[in-house]
Amino acid sequence: MIKIPGGSFIQGNPSDTPSDEKRGASLKTFFIDSHEVTNQEFFEQFPERPFRKGAEKHPVSYVTWQEAQTYCSRVGKRLPSEAEWEKAARGTDGRLYPWGDKAPKRKPHPFYSGLVKRSVGLNRKDVSFYGGRDMAGSVWEWTADRVGGKMAVRGGLWNYHLDYEYSKTFERNLIEPKARFIFLGFRCARSK
């Protein structure tokens, strides 16, 4: 896990705030997994959940919000809040992407995505200020926050759009908690 120091950070889509005003938020110190939970890690808590050979280090996916929450609880953690996830991805300087404000010139590679998976943490570019990996690519991630009966998910999904435009640190989607998708996984957090 990586330690995210307490303090303020810029939260939300900058185009949602007037002129130079930036949205500030503050959090206490917390810890978050450096990468998404893998198939092997999930299997160790849910042995009834098989996965194909060779995919041990791929991000686990096709899990409901409750299954993700239960996994985190079993290993002494919890799902991160949206704010925690965003601060871990964005740092304190309001980055648009985990690595900074510029989108890479090259298109995302389809083999690094939530649909065509690779081992977690392989993309050397997709590393946040604090060391969080795969927060712009790989799979969408469940968070603990509910909005109007749906759960907020964060993170990018390059292969879905094949464009970095939808991989920004403040992007979010709302999904039914019982939904399962091959491009939806999670990582865990803890307070201390």
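Me: Which residue in S6 is the bridge partner of Glu 141?
Reply: Arg 154 is the bridge partner of Glu 141. The model is predicted, with local features needing pLDDT of at least 70 and side-chain atom pairs 80 or more, while totals for chains, interfaces and linings use all residues. Residues are numbered from 1 along each chain as its sequence is written, and side-chain values use heavy atoms, leaving out hydrogens and water.

Me: How many bridges pair S5 with S6, and in which sense?
Reply: Four bridges, in the antiparallel sense. S6 covers residues 150-154, and S5 covers residues 140-147. Two strands pair if DSSP finds at least two bridges between them. Strands (E, at least two residues) and helices (H or I, at least four) are DSSP runs, numbered from the N terminus.

Me: What sits between the strands in the hairpin of S5 and S6?
Reply: Two residues lie between them. In that hairpin, Gly 148 takes a positive phi near 60°.

Me: How does S5 run relative to S8, parallel or antiparallel?
Reply: S5 and S8 run parallel. Two bridges join them, and S8 spans residues 184-185. Trp 140 stands opposite Leu 184 there.

Me: What is the strand order in that open sheet of four strands?
Reply: The order is S7-S6-S5-S8, with mixed pairing. S7 (172-175) and S8 are the edge strands, and each pairs on one side only.

Me: Which strands form the open sheet of three?
Reply: S1, S4 and S9, in the order S1-S4-S9. The pairing in that sheet is antiparallel. S1 (2-4) and S9 (189-190) are its edge strands, each pairing on one side only.

Me: How many bridges join S4 to S9?
Reply: Two bridges join them, and the strands run antiparallel. S4 takes in residues 30-32. Ile 32 stands opposite Ala 189 in S9.

Me: Where is Lys 192 found?
Reply: Lys 192 is in the segment after S9. Lys 192 counts as exposed because its relative accessibility is 78%. The class takes anything over 50% relative accessible area; buried is under 20%, and partly exposed lies in between (1.4 Å probe, protein chains only).

Me: How far apart are the C-alpha atoms of Lys 192 and Lys 28?
Reply: They are separated by 9.9 Å. Along the chain, Lys 192 and Lys 28 are 164 residues apart.

Me: New topic. How many aromatic pairs does the structure hold?
Reply: Nine. Rings of Phe, Tyr and Trp (its six-membered ring) pair if their centres lie within 6.5 Å; planes under 30 degrees apart count as stacked, over 60 as edge-to-face and the rest as tilted. Phe 42 and Phe 46 form one of the pairs, and that pair is stacked. Their rings sit 4.6 Å centre to centre, with 20° between the planes.

Me: Are Phe 42 and Phe 46 buried or exposed?
Reply: Both are buried.

Me: And what about the pair of Phe 42 and Tyr 71: how far centre to centre?
Reply: 5.7 Å, with 25° between the planes. That pair is stacked too. Phe 42 lies in H1 (residues 39-45) and Tyr 71 in H2 (residues 65-74), so the pair ties together parts that are 29 residues apart in sequence. Tyr 71 is buried, as is Phe 42.

Me: Which residues form the aromatic cluster?
Reply: Phe 42, Phe 46, Tyr 71 and Phe 186 form one cluster.

Me: Why does Ser 128 count as buried?
Reply: Because its relative accessibility is 5%.

Me: What is Ser 128 in contact with, leaving aside neighbours within four places in sequence?
Reply: Ala 88, Ala 89, Arg 95, Pro 98 and Met 135. Contact means heavy atoms within 4.5 Å.

Me: Whole chain now. How many helices and strands?
Reply: Four helices and nine strands. Along the sequence, the pattern reads β-β-β-β-α-α-α-β-β-α-β-β-β.

Me: What percentage of the 192 residues is buried?
Reply: Buried residues make up 49% of the protein chain.

Me: Last one. Among contacts with a separation of 6 or more, what share comes from residues 24 or more positions apart?
Reply: Such residues account for 68% of those contacts in the protein chain.
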